[in-house]
Amino acid sequence: MGSEMCIRDRGSMALLLGACNDSMNDLLEPKVYFESKEYNFSVEDEMDVMTFDLVSRLSSATSSQVDVSYSVAEPSVVDEYNAKYGTNYEMLDVSQVKLSSTTSSISSGKLYADNVEVELSGLEALKAGNSYVLPMRVHSSSVSTLSGTNIAYFFFSKPLNCLLYTSPS
């Protein structure tokens, strides 16, 4: 009975070590992600169009090209963010968003994807004092995404303009 117990324990130990190795291998695999989770922009009064670059990266270089794609995340992502952080961001209308391309690539041996330009239009219609968000998602068919960093939040605020009134003397 003692030797049976020993064999079973060794089998359990081998399973545990195998699981640890799988976890370690998973940690070492290259993953695609956004380097920063949040970006903030201020929309000035006369501004109707704004552009900025969207860039993702790999956790470690690969020996082959990695193709990535971008999309606007679904509205439920904003709802979850607002619930988690106690905020009240409104999602920008998808019709206001234009990407120069929905795909990009990370060359072999490199860490960063080629830039994709995001153009936002109709910004004059944003209400002063309100806060808006555009959640962008990165995908790749050749590598996994790094959990929790596959969505970048682009925040936009249009400040209130206060006029100072001085009474005539």
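Me: Which side chain meets Arg137 in a salt bridge?

Reply: Side chains of opposite charge can pair when their charged atoms come close. A salt bridge is a side-chain nitrogen of Lys or Arg within 4 Å of a carboxyl oxygen of Asp or Glu. Here Arg137 meets the side chain of Glu74, at 2.7 Å from N to O. Arg137 lies in strand β10 (residues 131-140) and Glu74 in the loop between β5 (66-72) and α2 (75-85), so the pair ties together parts 63 residues apart in sequence. Helices (H or I, at least four residues) and strands (E, at least two) are DSSP runs, numbered from the N terminus.

Me: What kind of model is this, and how are residues numbered?

Reply: This is a predicted model, where local features need pLDDT of at least 70, side-chain atom pairs count only at pLDDT 80 or more, and totals for chains, interfaces and linings use all residues. Residues are numbered from 1 along each chain as its sequence is written, and side-chain values use heavy atoms, with hydrogens and water left out.

Me: Is Arg137 buried or exposed?

Reply: Buried means under 20% relative accessible area, exposed over 50%, partly exposed in between (1.4 Å probe, protein chains only). Arg137 is buried, at 17%. Its partner Glu74 is partly exposed, at 36%.

Me: How many salt bridges does a search of the whole structure find?

Reply: Two. One joins Arg137 and Glu74. Another joins the side chains of Arg57 and Glu35, at 3.0 Å from N to O. Arg57 sits in strand β4 and Glu35 in the loop between β1 (31-33) and β2, so this pair links parts 22 residues apart in sequence. Strand β4 covers residues 57-58. Arg57 is buried, with a relative accessible area of 12%.

Me: Which residues form the negative surface patch?

Reply: Patches are made of residues with over 30% relative accessible area and no salt bridge: like charges are joined within 9 Å, nonpolar side chains (Val, Leu, Ile, Met, Phe, Trp, Tyr) within 5 Å. Asp and Glu count as negative. The patch here consists of Glu44, Asp45, Glu46, Asp48 and Glu124. Take Glu44, which is placed in the loop between β2 (38-42) and β3 (50-54). Glu44 is partly exposed, at 44% relative accessibility.

Me: How far apart are Ser42 and Lys158 in space?

Reply: Compare sequence separation with C-alpha distance. Ser42 and Lys158 are 116 residues apart in sequence and 5.9 Å apart in space, C-alpha to C-alpha. Ser42 lies in strand β2. Ser42 is partly exposed, with a relative accessible area of 33%.

Notes. Areas by Shrake-Rupley, 256 points an atom, 1.4 Å probe, with all protein chains shown as cover. Charge placed at Lys NZ, Arg CZ, Asp CG, Glu CD.
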